[in-house]
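The following exercises concern the sequence and model shown below.

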Amino acid sequence: MSGGDQKLVEVKDLSVVFTQDGNETRAVDKISFDLAEGETLALVGESGSGKSVSALSLMQLLPYPAASHPSGSIKYRGEEVVGADERTLMGIRGNEISMIFQEPMTSLNPLHTIERQVGEVLAVHRGLRAEAARKRVLELLNKVGLQNAESRLGAYPHELSGGQRQRVMIAMALANEPRLLIADEPTTALDVTVQAQILKLLKSLSREMGMAMLLITHDLGIVRKMADRVCVMNHGHIVEEGETAGLFDNPQHEYTRHLLGSEPKGKPLTARDDAPEIMSTDNLKVWFPIKKGVLKRTVDHVKAVDGISLTVRRGHTVGVVGESGSGKTTLGLGLLRLIDSDGPIVFMGQHIEDDNWSELRSRRADMQIVFQDPFGSLSPRLSVAQIVEEGLLVHGTDLNYDARRQRVAEALVEVGLDPETMDRYPHEFSGGQRQRIAIARAMALKPDFVVLDEPTSALDMSVQAQIVDLLRDLQQKHDLAYLFISHDLKVVRALADEVIVMRNGKVVEQGSSDQIFDDPQTDYTKALMAAAFDLETAPEGVVSS
Amino acid sequence: MNAILDKTAQGKINWEATWIGRFNKARTSPINQRRWRNFKANSRGYWALWFFGVLFFVSLFAEFIANDKPLLVTFEGGIYMPVFVAYPETDFGGDFATEADYRDPFVQELIEDAGGTIIWPLIPYSYDTINLDLPVPAPAPPSAENWLGTDDQGRDVVARVIYGFRISVLFGLILTVFASIIGVAVGAVQGYFGGWIDLIGQRLIEIWSSVPSLYLIIIIAAVIEPTFWILLGILLLFQWVALVGVVRAEFLRGRNLEYVRAARALGLRNVAIIFKHVLPNAMVATLTFLPFILNSSITALTALDFLGFGLPPGSPSLGELLAQGKNNLQAPWLGFTGFIVIATMLSLLVFVGEAVRDAFDPRKTLQ
């Protein structure tokens, strides 16, 4: 290192422009920031604010020539990166600067074993092969806390959980002991409990190796926990920059204050305890058979939902929480009879567990579901009006075209969208707006019971709060019964009167919201709460890794 | 919101407005605009489409280009259009009550002596007109009269190529459309419902596609006299399998998409889900395949014609032209013409197919 005050990375007046079909989009507009050795800097902002693009330009990984830098310079240890030749860049990429991505499933090659994936990095940059490489791979996997690393060397990505895959990704990124690690939303796709573990790992690794970290996230909780300094980005500009503690205590810019104030908050509505039961079940089971042998005999079952009893009353919200794989979504689908289940399901006073598909069809208008992914749950080929009116075509057959448009407009107004936009296509809307469309689709039928399957997980933090408020308003207006499925207890606390904590298809704890949140009885619930509210990890074995 | 209410009050105007709205929407769907741009960006494919389109369009009017009946005859103040109407020879003062043979010098004389005129098409031969005035034994080499010569029965090769091209492409198009409809339907049912239906369907298709289809067609063609439609039916028996695999795969993927689940939660019937939500996804794969299926359909017909098991004798056919070229090596214009026409037609379709593939390639967005 030359000179004490030379920065590791210096970015000055950097702009990024994307050109498509002659249209220019300015993703990043003259941003400047720097990063010292060993320091952790967070780039915070909502999706589309240009934070990922800024990080990718550090490694010149943007799709050039569609992307270009009309202005600015990026200096890595005094050396210019913008416009550098491929040789220089190859020396920097993976060697000096590494990156981990949001989605660990798609970032790993599904056809290569863990050993081969990590070993490949070593072979390319260090020329390590065979035994030497194997030794180093093991060392790295142990370092990132992958349990039973030795026996997992031959495992394929699909055999690992999301958290384990992210650990492998980190091992690959660390293989060459980089000076800078760029972490692009490293925990967004993970459960809260796993998120806490990964964050803890990243923090200890950066301290141990003296590695600088550029953390990209939309979650201010993570920033507060991890970063030394913060840059807040909005529409391609850095609007505020400062030490983490100072910025959180005394935010200067309006946008920062907006971000800080956008955690899901508020209290669930107080509903009458004697409200009529909308949906109830007793000892519900959803077992998927495991078949083996030539005759495909059922040898065992995957007990996705194993004996759950619950009652949802009018105007009430029952929150279902648990790690991924705990059977929350299966429970929701089972209650709506979208998958086969075993056990009584009473909806509006009538047993529906033995109804066939056409008997169920008439009830579908009264029970609806909103899915997690606002991008996957809207057909890209239908306009908003066509999406929202779909249920009306099935259930409101007496409505003519105009009446349906009318109902669509009403539903859109209700979820806070401009009805004039109903002839546009989903891709023209942001994630939050798309989730509103999905809610409008469910609400257009005026249901009594709605299953909300992680409706906020795929959204930015500030948008999550808006959706939660919207859901609460709708509940109040129409006296709806919700089954709210989430792994994020922050959101559940803001909506649910009653909480069911699930693990491996079974109930761990069940009770009123106050009771669960104020006085959790089991270690598992405590661990979920620590992870959600404080980003703290639990002792080993309480939650999955 | 107010705008909507106003529209409802106006009733009829509203209908128009919304229909125009629908039309505009369909026309300006951004994803289709991008596809059309990608298609045009492949200039070879774009021009191939134009070239092929013009050739096909022109060949649809083959009767006006190559025909042994005049386009127009004026005779004693009357105007006759033999292309459209069959006039008996007696109308022109001849002896027979049958349709006039305008190539007969006697009939021509009758008309010209009466001061009438005959306007002939560009090529005064139809596909089955035999040139009886050949100076040499058939097949005659190219000359001013027969631009590409005649075949071994004295029929003009240019006329036969024009009609043959038309029948090949029409046959290919019809076969492709029917094969696609059946293939998409079968693939959709298999992929959407999965399970036993899929398993049994796949096994049946495996058995079916291992049947040596060419021999079967030859045997069938030997038993029943093949006409255009019978031949189409026989080839259809085997051609529909082509699309099943792709469509089935798209449906297997599509039925698990979240918006399909959402549609199910809304209570939509399976048929509605298939047509509205899953099929549009599968159509991309289908459309990409279409030019190549068209190609193989045309080739299948040509091959059968070449072997002599195809269209009824005397039909204009490119395969039959190739067979003549093979049997008359001393007349190379037959083989060359057949080869060039078929090669050009198939190449153009492959170029179009490549451009269609580009158009539907989602990775081609950043350019």
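**Exercise 1. Helix H10 of chain B**

The buried residues of H10(B) pack against helix H7 (157–193), helix H9 (213–223), helix H11 (241–254) and H13 of chain B. The model is predicted, so local features need pLDDT of at least 70 and side-chain atom pairs count only at pLDDT 80 or more, while totals for chains, interfaces and linings use all residues. Residues are numbered from 1 along each chain as its sequence is written, and chains are lettered from A and ligands numbered from 1 in the order in which they are written.

Task: Identify the buried residues of H10(B) and state on which side of the helix they lie.

Solution. 
- Helices (H or I, at least four residues) and strands (E, at least two) are DSSP runs, numbered from the N terminus.
- A residue is buried if 20 or more other C-beta atoms lie within 10 Å of its own, exposed if 12 or fewer, and partly exposed in between, with C-beta atoms placed from the backbone.
- In H10(B), the buried residues are B:Leu231, B:Ile234, B:Leu235 and B:Gln239.
- They cover an arc (of the directions from the helix axis to the C-beta atoms) of only 135 degrees, and therefore lie on the same side of H10(B).

**Exercise 2. The sheet of chain B**

Task: Determine the strand order of the open sheet in chain B and explain why E2 and E3 are edge strands.

Solution. 
- Two strands pair if DSSP finds at least two bridges between them.
- The three strands follow the order E2-E1-E3, with antiparallel pairing.
- Strand E2 (78–80) and strand E3 (117–119) of chain B each have a single partner strand, so one side of each has no neighbour in the sheet.
- Strand E1 (residues 72–75) of chain B is joined to E2(B) by three bridges; B:Val73 has B:Tyr80 as its bridge partner in E2(B).

Definitions and conventions:
Two residues are in contact if their C-beta atoms, placed from the backbone, lie within 7 Å.
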